[in-house]
Amino acid sequence: MSLKQISVFLVNKPGTLRTMTGVLAANNVDMRAISLAETREYGIARIIVDDVISAVDILKEADFVTSVNSVLAVEVPDQPGGLNTLLEIFAAEEVNIEYMYSFIIGTESRKAGMIFRVGDTSSAEPKLTARGLKVLSQEDLQQL
Amino acid sequence: MERYYQEEIECASRETIRNIQNEKLVKQVRHVWDNVPYYRKKMEEKGVTPDDIQSIDDLYKLPFLSKNDLRTAYPYGLLGTDLKNCVRIQSTSGTTGKRVVAFYTQHDIDLWEECCARAITATGGTNEDVCQISYGYGLFTGGPGLNGGSHKVGCLTIPTSSGNTDRQIMFIMDLQATILCCTPSYAAYLGERMKELGYGPDDIPLKAGIFGAEAWSEEMRRDIEATLGIKAYDIYGLTELSGPGVAFECSAQQGMHINEDHFIAEIVDPDTLEVLPEGSEGELVFTAIDKEAFPMIRYRTRDICRLTREKCSCGRTHVRMAKPKGRSDDMLIIRGVNVFPSQIETVLLNNGYAANYQIIVDRVNNTDTLDVQVEMTPEMFTDNVGEIADRQRVLVDGLKSMLGLKAKVTLVAPKSITRSEGKAVRVIDKRKI
Ligand SMILES: [Zn+2]
């Protein structure tokens, strides 16, 4: 039940990120999570939204270059060392993490979640669920 | 089956072509001597008189003309006939300020349009074709030249001129245009737009395109051919000589046939000005042997290319010129290395980038810098910074091996580089020397 993440190419110019958030806001796109990767010349905004297809269309319309790929959204156990426990399982299952970032699950529960970009999403997912981890789907996200 | 506009002359024997050239050259040199004091003075300075020119073998004795002469003689100094015999001017921007203004008698217009008609026919064009001309009309020779050629062939001519892309597409689709004439960068842009609108190559009625007035690469040709579903033909010309149609491509797409009954081509060493043997690369020099109003003798084009008289599969016998490697006007000297924008374009297209780029040359701490700005495309973009960096590195390596020079590659936002609806601005040279 992997999630789709949208990556957006941003040139290093003041206001580029704001232009992107502005376009999304104007079209009532709700961002569930965002992280920014940057180099000296450009940045990549990685975002999680409810309706991926329409968000991509909206961004394309505004002349942004985007790329969509699968990521895993995993609930972090609500206990001390929760993230550590999670990463131990990844290590034990030899799931290679390219990058990750956190987000808040839901408005009520305020549980923490992590978005993981791994080498092979489809083979990693069953390994993690077998270990009792909760991997969120696009539907889960929409119901939060 | 190959079509010709004037088979008898286009496929004439080499001997016939030589005889035509001999006769016209002798006459033209006499005409210039009598009517163009500027050139007569040049001949006198070299100690040459019309009597010394008995055949094309004597061509080498004549002095050259260059852009510089056009500037000095501006506007009427090279005029070969009374202004009252002239019916038109065309003009192009010179590289250093002064515009080039070329004059035409009706005879000159006719021979120019005839050359363009040969080019259109060589793509298979007949009076059953619908020819859309998206070159600029006006002072620029592109529109008027192809327009006249299209009329001569008898095509239904759509004079859209450049710009207003969506209207261009409307005419192509609604009037079922079969031949498109424009700059290659505009053809690429039109193709991109049509793709965006959901037209595939099979939906587009076009079957041929005649693209010139700009440097373009084989990769760009393949790109345009695939997107528009056409065969793309190159055409060559200079306002100084008439305009497009001085040379044109045939079905073989192996170089452009020079209309030798109107123009004599030579390849010279740009430094020593010595005539080079056939097949050598050098500067292309033209003598217009049939023009009345603007009779250029040994005009240096600044285009670097080579000629071949090898037999062409299309049946035409006129000499072929390779696509110029670059105009020495476009040529940049960066850290002592000659760089042509077309070389950079080739590397970009080879690596899957769009042909939309800008070259920025600057001088930092007494060293020239070359920055190639490329628009990010969906095909090139991933969520992974490392992968993008790898692709950038491949491009830098590709440029290094093509140019022998280290360039910086900067990825910029899509559509941020000014799109060309006429001639593209590819180079920004910030060096203040
Ligand atoms: Zn041929």
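How much area do chain B and chain A bury between them, and what share of it is on carbon and sulfur atoms? The points below take this up, then turn to the cysteines and one threonine.

1. The model is predicted. In it, chain B and chain A bury about 1400 Å² between them, and 64% of that area is on carbon and sulfur atoms. On the chain B side, the residues that lose the most area to chain A are B:Phe381, B:Asp383 and B:Val385. Together these three account for 47% of what that side buries.

2. The contact draws 19 residues from chain B and 19 residues from chain A.

3. Two salt bridges are counted between chain B and chain A. One of them pairs B:Lys415 with A:Asp63; the closest N and O atoms of that pair are 3.6 Å apart.

4. Which elements of chain B each supply at least two residues of the side that touches chain A? They are helix 11 (385–403) and strand 20 (408–412). Strand 20 gives the most to this side, with five residues. By class, the side of chain B that touches chain A has eleven nonpolar, five polar and three charged residues.

5. The disulfide count over all chains is zero. Two cysteines of chain B show how the distances fall out. For B:Cys11, the closest cysteine sulfur is that of B:Cys314, at 6.6 Å, which is too far for a bond. B:Cys11 counts as partly exposed because its relative accessibility is 24%, and the buried class requires a value under 20%.

6. B:Thr301 lies in strand 12 of chain B, which covers residues 299–305. Is B:Thr301 buried or exposed? Its relative accessibility is 4%, so B:Thr301 counts as buried. The side chain of B:Thr301 reaches the backbone oxygen of B:Leu284 at 2.6 Å.

Terms used: Residues numbered from 1 in each chain as written. Chains lettered and ligands numbered in written order. Predicted model: local features only at pLDDT ≥ 70, side-chain atom pairs only at ≥ 80, totals over all residues. Heavy atoms only, no water. Contact = heavy atoms within 4.5 Å. Buried area = accessible area lost by both parts, 1.4 Å probe. Salt bridge = Lys/Arg side-chain N within 4 Å of Asp/Glu carboxyl O. Helix = DSSP H or I, 4+ residues; strand = E, 2+ residues; numbered from the N terminus. Nonpolar A, V, L, I, M, F, W, Y, C, P; charged D, E, K, R; others polar. Disulfide = S-S within 2.5 Å. Buried < 20%, exposed > 50% of the residue type's maximum accessible area, 1.4 Å probe, protein only. Polar contact = N/O pair within 3.5 Å; in protein donor to acceptor, adjacent residues only side chain to side chain.
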